[in-house]
Amino acid sequence: MQQLSAQLSFDELSALHSDDETTEQPYAMFRITAIHRDRIQAIGELGRSYLTSTDLLCPPEFRPTSQFLAVGDWIMAERVEEHWRIKLIVEPKSRLQRLSGDRPQLIAANLDYLWIVTSANQDFNLKRLQRYLALALEADIEPVVILTKSDLCSEVELEEYLAQLQQLNCKLIHAISSLEGTGLDSLKPYLHSGISIALVGSSGVGKSSLLNALAGTQQEVAGIREDDGKGKHTTTARQLFFIASADEKNHGKVAVIDTPGMRELQLFNSQQGIEETFADIHSLAQRCRFGDCRHEQEPGCKVREALEKGSVDPSDFINYQKLLKEDEYAKRRELGSHAEREHQRSFSKMVKAKTKERW
Ligand SMILES: Nc1nc2c(ncn2[C@@H]2O[C@H](COP(=O)(O)OP(=O)(O)OP(=O)(O)O)[C@@H](O)[C@H]2O)c(=O)[nH]1
Ligand SMILES: [Mg+2]
Ligand SMILES: [Zn+2]
């Protein structure tokens, strides 16, 4: 078996397959393309049929799946009669996670780019984009901000949206219209063979429409509510698609993961990502006189100084503080629920032991 690596590209994966379709390999590599309540779909190196989606068996040690497996993960599976059962998860080069309720939930794995999608209408919200930025930066994934529906606003409005986006700590910004096809060429440089991308953003911003426009696929899309411009949660599960790379000579594939619009993105274990998102404020904060400065009334506070001078945007500062607080709170809550689970576990062990004693 070749050295397994999470960086394996689609081409490398297809090169791995045995030409002899009659040999019954005991193990095979798969990439997870969808995780449903009762089944996990993947695409693997099954001879020439590597483009066919397979349902995988998931042993109990990888459950609940939302905490152990993500769309985009590479796994090795072993043959069990005519089925394939997950044996191990290849160490991912990157993984996105959020807190859902009080549980960590994996969003996607092994990504090169996070396409953060927002639309040029009421959905536009810089603070929300900063959350997504922190999510990407925490996981070491290159963030790209894509402003969709440019056809819905005037040139002047578009310039205003773009000027706001330029305040973000993200240099890769594109304005597009999936409806009219404008700006789509600017995304082609990302579509290299072996690259993996996930589309994230609120419901209705046009993630699936963008995927359809790039790939010629027919993902379901639906209208948004007219009163507030919010979407109707049309896409219901994360799903990985292979689309043709823009580099036509190569005939390669790009993995694009479409995700359902998130109602809220609760960050989790993202302190570093938040600090990178607000790099200016963070570097000032490090120069405050007191190491534990809360940037309120403390003397020698560099952040306050900058706020008074007007070199830091007050709304950025508020969001920076808010996200760090939330992250801290989420960490404590997770530790709390971990301790609770441990307690439950040892309690049930004790009960089992006592039950055995009686026999
Ligand atoms: N005018 C205009 N409408 C668009 C554009 N892109 C998408 N839409 C419309 O916006 C609506 C929502 O698009 P979707 O692609 O379903 O949005 P989504 O982000 O996938 O939404 P969820 O799956 O709910 O997360 C649909 O009615 C699309 O036709 C665009 O570039 N211009
Ligand atoms: Mg969708
Ligand atoms: Zn300070």
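The structure is a predicted model, in which local features need pLDDT of at least 70 and side-chain atom pairs count only at pLDDT 80 or more, while totals for chains, interfaces and linings use all residues. Residues are numbered from 1 along each chain as its sequence is written, and side-chain values use heavy atoms, with hydrogens and water left out.

The protein chain has nine helices and 13 strands, taken as DSSP runs (helices H or I, at least four residues; strands E, at least two) and numbered from the N terminus. Of its 359 residues, 48% are buried, where buried means under 20% relative accessible area, exposed over 50% and partly exposed in between, with a 1.4 Å probe and protein chains only. Among contacts (heavy atoms within 4.5 Å) between residues at least 6 apart in sequence, 65% join residues at least 24 apart.

An unreviewed UniProt entry lists Cys 288, Cys 293, His 295 and Cys 301 under "binding site"; such annotations may be inferred rather than shown by experiment. Cys 288 is placed in the loop between helix H7 (279–285) and helix H8 (302–309), and Cys 293 lies in the loop between H7 and H8.

| Residue | Relative accessible area | Class |
|---|---|---|
| Cys 288 | 7% | buried |
| Cys 293 | 10% | buried |

Leaving aside neighbours within four places in sequence, Cys 288 is in contact with residues including Cys 293, His 295 and Cys 301. With residues up to four places away in sequence not counted, Cys 293 touches Cys 288, Glu 298 and Cys 301.

Conventions: Chains lettered and ligands numbered in written order.
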